[in-house]
Amino acid sequence: MLRNGKSNFGWMTIILHWTIAVLILGLIALGFAMRRLSLDPTLQFSLYQWHKSFGFTVLGFAAFRAAWHLFDLKPQPTAGLSPLERRASATTHVLLIVLTLAVPLAGWAVASTSTLNIPSFYFDWFVIPHLPMAKSQAAENFWTSTHAVLAYATLGLVALHALAAVYHHLVRRDEVLARMLTTRSQRRGEHVKGGQAIAKRK
Amino acid sequence: MTKQQSKPWPTVALALISVVLAASPGPDAAFASAPQLADAAGNYGITGASRIHFSVAQVGGGGIVGDFGKFSGNFRIDGNNIGRSSVEFTLYPESVETGESRVEDFLKSSAVFDSATYRTVTFRSTSVRQTGPDSAAVEGTLTARGKARKEQFSVKLTDWNSRQISFKIRGSIFRAPYGMDVGTPIYSNVVEFDMNIKGQKR
(Lines give C-alpha, C1' and ligand atoms only; values in the text may rest on other atoms or scores of the structure.)
Protein backbone atom coordinates (compact mmCIF):
# COMPACT_ATOMS: atom_id res chain seq x y z
CA MET A 1 0.00 0.00 0.00
CA LEU A 2 2.77 2.43 0.92
CA ARG A 3 5.08 1.35 -1.84
CA ASN A 4 4.36 1.11 -5.52
CA GLY A 5 2.99 -2.11 -6.98
CA LYS A 6 3.57 -3.61 -10.40
CA SER A 7 0.64 -1.77 -11.89
CA ASN A 8 -0.28 0.86 -9.33
CA PHE A 9 1.25 3.66 -7.31
CA GLY A 10 1.56 3.32 -3.55
CA TRP A 11 0.36 5.94 -1.08
CA MET A 12 3.84 7.39 -0.66
CA THR A 13 4.11 8.26 -4.34
CA ILE A 14 0.55 9.57 -4.46
CA ILE A 15 0.91 11.74 -1.37
CA LEU A 16 4.27 13.11 -2.48
CA HIS A 17 2.88 13.83 -5.95
CA TRP A 18 -0.08 15.88 -4.74
CA THR A 19 1.76 17.56 -1.88
CA ILE A 20 4.50 18.78 -4.17
CA ALA A 21 1.93 19.78 -6.81
CA VAL A 22 -0.02 21.94 -4.37
CA LEU A 23 3.14 23.50 -2.94
CA ILE A 24 4.56 24.29 -6.36
CA LEU A 25 1.39 25.91 -7.64
CA GLY A 26 1.11 27.89 -4.42
CA LEU A 27 4.73 29.00 -4.63
CA ILE A 28 4.36 30.13 -8.22
CA ALA A 29 1.26 32.15 -7.28
CA LEU A 30 3.13 33.57 -4.29
CA GLY A 31 6.09 34.36 -6.51
CA PHE A 32 3.88 36.38 -8.84
CA ALA A 33 2.20 38.20 -5.97
CA MET A 34 5.33 39.18 -4.09
CA ARG A 35 6.99 40.68 -7.15
CA ARG A 36 4.29 43.30 -7.53
CA LEU A 37 6.07 46.57 -7.03
CA SER A 38 2.98 48.30 -5.70
CA LEU A 39 2.80 45.89 -2.80
CA ASP A 40 3.01 47.19 0.76
CA PRO A 41 6.70 46.72 1.68
CA THR A 42 5.91 45.07 5.01
CA LEU A 43 3.64 42.54 3.34
CA GLN A 44 6.15 42.05 0.55
CA PHE A 45 8.92 41.26 3.02
CA SER A 46 6.71 38.67 4.73
CA LEU A 47 5.69 37.09 1.43
CA TYR A 48 9.33 36.66 0.47
CA GLN A 49 10.06 34.89 3.75
CA TRP A 50 7.03 32.61 3.34
CA HIS A 51 8.13 31.89 -0.23
CA LYS A 52 11.58 30.90 0.99
CA SER A 53 10.28 28.64 3.77
CA PHE A 54 7.79 26.86 1.53
CA GLY A 55 10.46 26.67 -1.18
CA PHE A 56 12.79 24.82 1.18
CA THR A 57 9.87 22.55 2.08
CA VAL A 58 9.42 21.68 -1.59
CA LEU A 59 13.13 21.03 -1.88
CA GLY A 60 12.94 18.53 0.98
CA PHE A 61 9.90 16.77 -0.44
CA ALA A 62 11.38 16.79 -3.96
CA ALA A 63 14.64 15.25 -2.78
CA PHE A 64 12.71 12.49 -1.05
CA ARG A 65 10.48 12.12 -4.10
CA ALA A 66 13.53 11.79 -6.38
CA ALA A 67 15.04 9.10 -4.14
CA TRP A 68 11.70 7.30 -4.01
CA HIS A 69 11.48 7.43 -7.79
CA LEU A 70 14.96 5.99 -8.12
CA PHE A 71 14.65 3.18 -5.61
CA ASP A 72 11.01 2.21 -5.48
CA LEU A 73 9.31 -0.10 -7.94
CA LYS A 74 8.15 1.57 -11.12
CA PRO A 75 4.63 0.50 -12.07
CA GLN A 76 4.16 -0.61 -15.63
CA PRO A 77 2.75 2.05 -17.92
CA THR A 78 -0.98 2.04 -18.37
CA ALA A 79 -2.06 -0.38 -21.05
CA GLY A 80 -2.84 1.13 -24.41
CA LEU A 81 -0.05 3.70 -24.46
CA SER A 82 2.05 3.81 -27.61
CA PRO A 83 5.85 3.62 -27.32
CA LEU A 84 6.02 7.32 -28.14
CA GLU A 85 3.52 8.17 -25.41
CA ARG A 86 5.44 6.06 -22.92
CA ARG A 87 8.69 7.79 -23.78
CA ALA A 88 7.07 11.23 -23.64
CA SER A 89 5.45 10.59 -20.28
CA ALA A 90 8.62 9.10 -18.78
CA THR A 91 10.66 12.08 -19.99
CA THR A 92 8.12 14.53 -18.63
CA HIS A 93 8.09 12.83 -15.24
CA VAL A 94 11.87 12.88 -14.96
CA LEU A 95 11.99 16.52 -16.05
CA LEU A 96 9.39 17.43 -13.48
CA ILE A 97 11.36 15.71 -10.74
CA VAL A 98 14.55 17.47 -11.83
CA LEU A 99 12.79 20.85 -11.97
CA THR A 100 11.25 20.45 -8.54
CA LEU A 101 14.82 20.17 -7.30
CA ALA A 102 16.37 22.79 -9.58
CA VAL A 103 13.85 25.58 -8.95
CA PRO A 104 14.25 25.70 -5.16
CA LEU A 105 18.00 25.21 -5.48
CA ALA A 106 18.15 28.25 -7.77
CA GLY A 107 16.03 30.14 -5.24
CA TRP A 108 18.46 29.14 -2.52
CA ALA A 109 21.26 30.50 -4.72
CA VAL A 110 19.38 33.82 -4.96
CA ALA A 111 19.20 34.13 -1.18
CA SER A 112 22.83 33.05 -0.89
CA THR A 113 24.27 35.49 -3.43
CA SER A 114 22.08 38.46 -2.55
CA THR A 115 23.95 41.45 -1.23
CA LEU A 116 21.00 41.95 1.10
CA ASN A 117 22.21 38.90 3.01
CA ILE A 118 18.79 38.18 4.49
CA PRO A 119 18.91 34.96 6.53
CA SER A 120 16.67 32.07 5.52
CA PHE A 121 14.83 31.58 8.80
CA TYR A 122 12.73 28.48 8.14
CA PHE A 123 9.24 29.36 9.37
CA ASP A 124 10.93 31.42 12.10
CA TRP A 125 12.20 28.14 13.47
CA PHE A 126 15.85 27.68 12.49
CA VAL A 127 18.33 29.27 10.12
CA ILE A 128 19.15 27.48 6.90
CA PRO A 129 22.68 28.58 6.01
CA HIS A 130 23.42 30.23 2.71
CA LEU A 131 25.17 28.20 0.05
CA PRO A 132 28.91 28.90 -0.13
CA MET A 133 28.60 31.36 -2.99
CA ALA A 134 30.07 34.82 -3.49
CA LYS A 135 27.63 37.66 -2.96
CA SER A 136 27.26 40.21 -5.73
CA GLN A 137 24.52 42.07 -7.53
CA ALA A 138 25.47 40.29 -10.77
CA ALA A 139 25.26 36.83 -9.20
CA GLU A 140 21.97 37.67 -7.53
CA ASN A 141 20.51 38.92 -10.83
CA PHE A 142 21.70 35.81 -12.66
CA TRP A 143 20.18 33.41 -10.13
CA THR A 144 17.00 35.44 -9.90
CA SER A 145 16.53 35.09 -13.67
CA THR A 146 17.45 31.43 -13.57
CA HIS A 147 15.00 30.81 -10.74
CA ALA A 148 12.22 32.55 -12.68
CA VAL A 149 12.91 30.81 -16.00
CA LEU A 150 13.02 27.39 -14.34
CA ALA A 151 9.80 28.18 -12.47
CA TYR A 152 8.05 29.20 -15.70
CA ALA A 153 9.35 26.02 -17.36
CA THR A 154 7.96 24.01 -14.47
CA LEU A 155 4.61 25.74 -14.77
CA GLY A 156 4.50 24.95 -18.50
CA LEU A 157 5.42 21.33 -17.92
CA VAL A 158 2.89 21.00 -15.12
CA ALA A 159 0.21 22.34 -17.47
CA LEU A 160 1.20 19.83 -20.14
CA HIS A 161 1.28 17.04 -17.55
CA ALA A 162 -2.17 17.98 -16.20
CA LEU A 163 -3.73 18.35 -19.65
CA ALA A 164 -2.40 14.95 -20.63
CA ALA A 165 -3.87 13.42 -17.48
CA VAL A 166 -7.25 15.01 -18.12
CA TYR A 167 -7.12 13.92 -21.76
CA HIS A 168 -6.45 10.34 -20.73
CA HIS A 169 -9.22 10.46 -18.17
CA LEU A 170 -11.93 12.05 -20.28
CA VAL A 171 -11.07 11.06 -23.82
CA ARG A 172 -9.04 7.88 -23.63
CA ARG A 173 -10.89 6.81 -20.48
CA ASP A 174 -7.90 4.90 -19.16
CA GLU A 175 -6.25 4.70 -15.72
CA VAL A 176 -3.52 7.30 -16.14
CA LEU A 177 -5.15 9.85 -13.83
CA ALA A 178 -7.09 7.40 -11.67
CA ARG A 179 -4.06 5.52 -10.48
CA MET A 180 -2.54 8.72 -9.11
CA LEU A 181 -5.70 9.17 -7.04
CA THR A 182 -6.03 5.78 -5.44
CA THR A 183 -4.08 2.61 -4.86
CA ARG A 184 -7.09 0.39 -5.48
CA SER A 185 -6.45 -2.24 -8.10
CA GLN A 186 -9.91 -1.98 -9.59
CA ARG A 187 -10.53 1.23 -11.39
CA ARG A 188 -12.20 2.45 -14.50
CA GLY A 189 -13.58 -0.26 -16.71
CA GLU A 190 -13.85 -2.53 -13.70
CA HIS A 191 -16.49 -3.16 -11.10
CA VAL A 192 -16.63 -5.30 -8.01
CA LYS A 193 -19.02 -8.14 -7.71
CA GLY A 194 -19.08 -10.81 -5.06
CA GLY A 195 -15.87 -9.51 -3.60
CA GLN A 196 -13.96 -9.98 -6.83
CA ALA A 197 -12.83 -7.47 -9.33
CA ILE A 198 -14.30 -8.33 -12.70
CA ALA A 199 -13.35 -6.63 -15.89
CA LYS A 200 -16.27 -5.02 -17.60
CA ARG A 201 -16.72 -6.06 -21.19
CA LYS A 202 -17.51 -3.48 -23.75
CA MET B 1 13.25 34.63 -3.72
CA THR B 2 14.22 38.15 -3.57
CA LYS B 3 14.80 41.32 -4.72
CA GLN B 4 13.31 42.38 -1.84
CA GLN B 5 14.90 40.68 -0.36
CA SER B 6 15.01 43.75 -1.08
CA LYS B 7 13.84 44.30 2.16
CA PRO B 8 14.92 43.95 5.37
CA TRP B 9 14.00 45.50 8.64
CA PRO B 10 14.34 48.46 10.33
CA THR B 11 15.55 50.60 12.79
CA VAL B 12 14.32 52.99 15.06
CA ALA B 13 15.95 56.01 15.51
CA LEU B 14 16.72 58.59 17.69
CA ALA B 15 19.36 59.94 19.31
CA LEU B 16 20.03 62.28 21.86
CA ILE B 17 22.67 63.69 23.45
CA SER B 18 23.54 64.98 26.55
CA VAL B 19 26.08 65.79 28.63
CA VAL B 20 27.95 65.18 31.44
CA LEU B 21 30.91 66.45 32.84
CA ALA B 22 32.89 65.55 35.51
CA ALA B 23 32.67 68.04 38.00
CA SER B 24 35.10 66.61 40.33
CA PRO B 25 38.32 68.28 40.43
CA GLY B 26 40.45 66.08 42.54
CA PRO B 27 43.91 64.88 41.94
CA ASP B 28 42.75 61.55 40.67
CA ALA B 29 44.29 60.96 37.27
CA ALA B 30 41.03 59.53 35.98
CA PHE B 31 39.46 62.88 36.42
CA ALA B 32 42.30 64.79 34.95
CA SER B 33 40.82 64.95 31.46
CA ALA B 34 37.35 65.87 32.55
CA PRO B 35 36.49 69.55 32.41
CA GLN B 36 35.34 71.49 35.36
CA LEU B 37 31.64 71.89 35.31
CA ALA B 38 32.00 75.63 35.14
CA ASP B 39 34.39 75.33 32.21
CA ALA B 40 32.07 73.11 30.20
CA ALA B 41 28.89 74.96 31.04
CA GLY B 42 27.15 76.61 28.13
CA ASN B 43 25.07 76.05 25.04
CA TYR B 44 26.35 73.84 22.27
CA GLY B 45 25.26 73.09 18.76
CA ILE B 46 25.75 69.58 17.47
CA THR B 47 28.15 69.66 14.55
CA GLY B 48 28.20 67.72 11.29
CA ALA B 49 31.35 65.97 12.45
CA SER B 50 29.16 63.89 14.74
CA ARG B 51 28.35 60.32 13.78
CA ILE B 52 24.99 58.62 14.31
CA HIS B 53 25.63 54.92 13.91
CA PHE B 54 23.12 52.14 14.42
CA SER B 55 22.94 48.37 14.09
CA VAL B 56 20.22 45.73 14.12
CA ALA B 57 21.32 42.17 14.73
CA GLN B 58 19.95 39.29 12.65
CA VAL B 59 19.58 35.58 13.34
CA GLY B 60 22.68 33.61 12.51
CA GLY B 61 24.99 36.56 13.05
CA GLY B 62 25.63 39.85 11.35
CA GLY B 63 22.87 42.33 10.72
CA ILE B 64 22.08 45.73 9.38
CA VAL B 65 24.46 48.54 10.16
CA GLY B 66 24.32 52.12 9.05
CA ASP B 67 24.46 55.80 9.78
CA PHE B 68 22.23 58.81 9.53
CA GLY B 69 23.86 61.56 7.52
CA LYS B 70 21.51 64.38 8.37
CA PHE B 71 20.70 65.52 11.89
CA SER B 72 20.69 68.58 14.03
CA GLY B 73 20.43 69.48 17.67
CA ASN B 74 21.80 71.34 20.60
CA PHE B 75 22.41 70.83 24.25
CA ARG B 76 22.96 72.93 27.30
CA ILE B 77 25.25 72.07 30.15
CA ASP B 78 24.09 73.65 33.34
CA GLY B 79 27.09 74.89 35.26
CA ASN B 80 25.37 74.78 38.60
CA ASN B 81 23.42 71.58 38.37
CA ILE B 82 24.22 68.91 35.83
CA GLY B 83 20.80 67.45 36.40
CA ARG B 84 19.27 70.50 34.81
CA SER B 85 21.23 70.12 31.63
CA SER B 86 19.21 69.35 28.54
CA VAL B 87 19.41 68.18 24.98
CA GLU B 88 17.29 68.27 21.84
CA PHE B 89 18.06 66.21 18.82
CA THR B 90 16.46 65.75 15.43
CA LEU B 91 17.22 63.00 13.00
CA TYR B 92 16.18 62.83 9.34
CA PRO B 93 15.44 59.19 8.38
CA GLU B 94 15.66 60.12 4.72
CA SER B 95 19.42 60.39 5.22
CA VAL B 96 19.91 56.78 6.32
CA GLU B 97 22.97 55.13 4.79
CA THR B 98 23.72 51.41 4.85
CA GLY B 99 25.80 50.81 1.74
CA GLU B 100 22.90 48.96 0.08
CA SER B 101 20.34 51.16 -1.65
CA ARG B 102 17.56 48.55 -1.39
CA VAL B 103 18.00 48.41 2.35
CA GLU B 104 17.93 52.20 2.55
CA ASP B 105 14.78 52.39 0.42
CA PHE B 106 13.14 49.82 2.65
CA LEU B 107 14.09 51.71 5.81
CA LYS B 108 12.63 54.92 4.36
CA SER B 109 9.46 53.16 3.22
CA SER B 110 6.18 52.81 5.07
CA ALA B 111 7.51 49.52 6.48
CA VAL B 112 9.93 51.34 8.76
CA PHE B 113 10.41 55.10 9.10
CA ASP B 114 7.81 56.14 6.54
CA SER B 115 9.97 59.18 5.94
CA ALA B 116 7.54 60.62 3.40
CA THR B 117 4.98 61.04 6.18
CA TYR B 118 7.23 61.44 9.20
CA ARG B 119 10.22 63.48 8.15
CA THR B 120 11.96 63.53 11.50
CA VAL B 121 12.70 61.50 14.56
CA THR B 122 13.21 63.62 17.62
CA PHE B 123 14.57 63.25 21.11
CA ARG B 124 13.98 65.76 23.86
CA SER B 125 15.56 65.12 27.25
CA THR B 126 13.53 65.20 30.42
CA SER B 127 16.26 64.40 32.93
CA VAL B 128 20.02 64.05 33.14
CA ARG B 129 21.60 62.00 35.87
CA GLN B 130 25.32 61.88 36.42
CA THR B 131 26.51 58.31 36.82
CA GLY B 132 30.26 58.82 37.13
CA PRO B 133 33.02 61.36 36.82
CA ASP B 134 32.66 61.40 33.06
CA SER B 135 29.36 59.69 32.43
CA ALA B 136 25.65 60.29 32.67
CA ALA B 137 22.29 58.79 31.87
CA VAL B 138 19.95 60.91 29.82
CA GLU B 139 16.26 60.17 29.78
CA GLY B 140 13.85 61.78 27.43
CA THR B 141 11.05 61.47 24.95
CA LEU B 142 11.78 59.84 21.65
CA THR B 143 9.23 60.48 18.92
CA ALA B 144 9.17 58.42 15.74
CA ARG B 145 6.33 57.70 13.34
CA GLY B 146 4.09 59.82 15.51
CA LYS B 147 4.67 57.72 18.60
CA ALA B 148 6.39 59.11 21.66
CA ARG B 149 8.05 57.01 24.35
CA LYS B 150 10.45 57.41 27.22
CA GLU B 151 13.94 56.22 26.32
CA GLN B 152 17.30 56.36 27.96
CA PHE B 153 20.82 56.76 26.66
CA SER B 154 24.17 56.46 28.36
CA VAL B 155 26.62 59.25 27.76
CA LYS B 156 30.36 59.27 28.23
CA LEU B 157 32.65 62.22 27.84
CA THR B 158 35.40 61.52 25.35
CA ASP B 159 37.05 64.85 24.59
CA TRP B 160 36.74 68.51 25.27
CA ASN B 161 38.39 71.90 25.12
CA SER B 162 37.22 75.38 25.77
CA ARG B 163 35.15 75.49 22.56
CA GLN B 164 34.19 71.90 21.83
CA ILE B 165 33.08 68.83 23.68
CA SER B 166 32.54 65.26 22.50
CA PHE B 167 30.52 62.39 23.85
CA LYS B 168 30.09 58.72 23.16
CA ILE B 169 26.41 57.89 23.43
CA ARG B 170 24.83 54.48 23.47
CA GLY B 171 21.27 53.29 23.66
CA SER B 172 19.17 50.21 22.96
CA ILE B 173 15.79 51.03 21.53
CA PHE B 174 12.93 48.60 20.95
CA ARG B 175 11.50 49.40 17.54
CA ALA B 176 8.19 47.53 17.76
CA PRO B 177 6.50 50.16 19.98
CA TYR B 178 7.09 52.67 17.21
CA GLY B 179 5.33 50.52 14.65
CA MET B 180 8.58 49.36 13.10
CA ASP B 181 8.46 45.67 13.92
CA VAL B 182 8.78 44.51 10.32
CA GLY B 183 11.27 41.71 9.87
CA THR B 184 11.17 40.36 13.39
CA PRO B 185 12.27 37.81 14.44
CA ILE B 186 14.73 37.55 11.56
CA TYR B 187 15.98 40.94 12.62
CA SER B 188 16.20 41.91 16.23
CA ASN B 189 13.55 44.10 17.76
CA VAL B 190 16.36 46.09 19.35
CA VAL B 191 18.21 48.83 17.54
CA GLU B 192 21.60 49.58 19.03
CA PHE B 193 22.73 53.16 18.75
CA ASP B 194 26.38 54.01 18.99
CA MET B 195 26.92 57.71 18.48
CA ASN B 196 29.78 60.14 18.62
CA ILE B 197 28.37 63.54 19.30
CA LYS B 198 30.44 66.64 18.93
CA GLY B 199 29.22 69.97 20.26
CA GLN B 200 30.48 73.42 19.34
CA LYS B 201 30.04 76.08 21.97
CA ARG B 202 27.79 78.92 20.94
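**First stop: a run of strands in chain B**

Select strand 8 of chain B together with strand 9 (residues 147-160) of chain B: the two run antiparallel and are joined by 10 bridges. At the end of this pairing, click B:Ala144, which stands opposite B:Lys147 in strand 9 of chain B. Now step to B:Arg145, in the hairpin of these two strands; 2 residues lie between the strands here, and B:Arg145 takes a positive phi near 50°. Keep in mind as you look that this is a predicted model.

For one pair to highlight, take B:Ser125, whose bridge partner in strand 8 of chain B is B:Gly140.

**Second stop: all of chain B**

Zoom out and color chain B by secondary structure. Of the 202 residues in chain B, 44% are buried. Among contacts in chain B with a separation of 6 or more, 65% are between residues 24 or more positions apart.

Which residues of helix 2 of chain B are buried? Select B:Val103, B:Phe106 and B:Leu107 to see them. Look down the axis of helix 2 of chain B: its buried residues fall within an arc of 100°, so they line one face of the helix. To see what covers them, show helix 2 of chain A along with strand 3 (63-68) and strand 6 (96-97) of chain B, which are included in that cover.

**Fourth stop: where the chains touch**

Now display both chains. The contact takes 23 residues from chain B and 23 residues from chain A. On the side of chain B, helix 2 (residues 101-108) gives the most, with 3 residues. That side divides into 9 nonpolar, 10 polar and 4 charged residues.

**Last stop: two helices of chain A**

Finish by selecting helix 2 (residues 41-71) and helix 3 (residues 83-113) of chain A, whose axes come within 9 Å and cross at roughly 145°. The crossing is left-handed.

Terms used. Residues are numbered from 1 along each chain as its sequence is written. Chains are lettered from A and ligands numbered from 1 in the order in which they are written. This is a predicted model: local features need pLDDT of at least 70, side-chain atom pairs count only at pLDDT 80 or more; totals for chains, interfaces and linings use all residues. A residue is buried if 20 or more other C-beta atoms lie within 10 Å of its own, exposed if 12 or fewer, and partly exposed in between; C-beta atoms are placed from the backbone. Two residues are in contact if their C-beta atoms, placed from the backbone, lie within 7 Å. Axes are lines fitted to C-alpha atoms, for helices over the stretch in contact, and angles run from 0 to 180 degrees between N-to-C directions. Helices (H or I, at least four residues) and strands (E, at least two) are DSSP runs, numbered from the N terminus. A crossing is left-handed if the near helix is turned anticlockwise from the far one by less than a right angle, and right-handed if clockwise. Ala, Val, Leu, Ile, Met, Phe, Trp, Tyr, Cys and Pro count as nonpolar, Asp, Glu, Lys and Arg as charged, and the others, Gly among them, as polar. The arc is that of the directions from the helix axis to the C-beta atoms. Two strands pair if DSSP finds at least two bridges between them.
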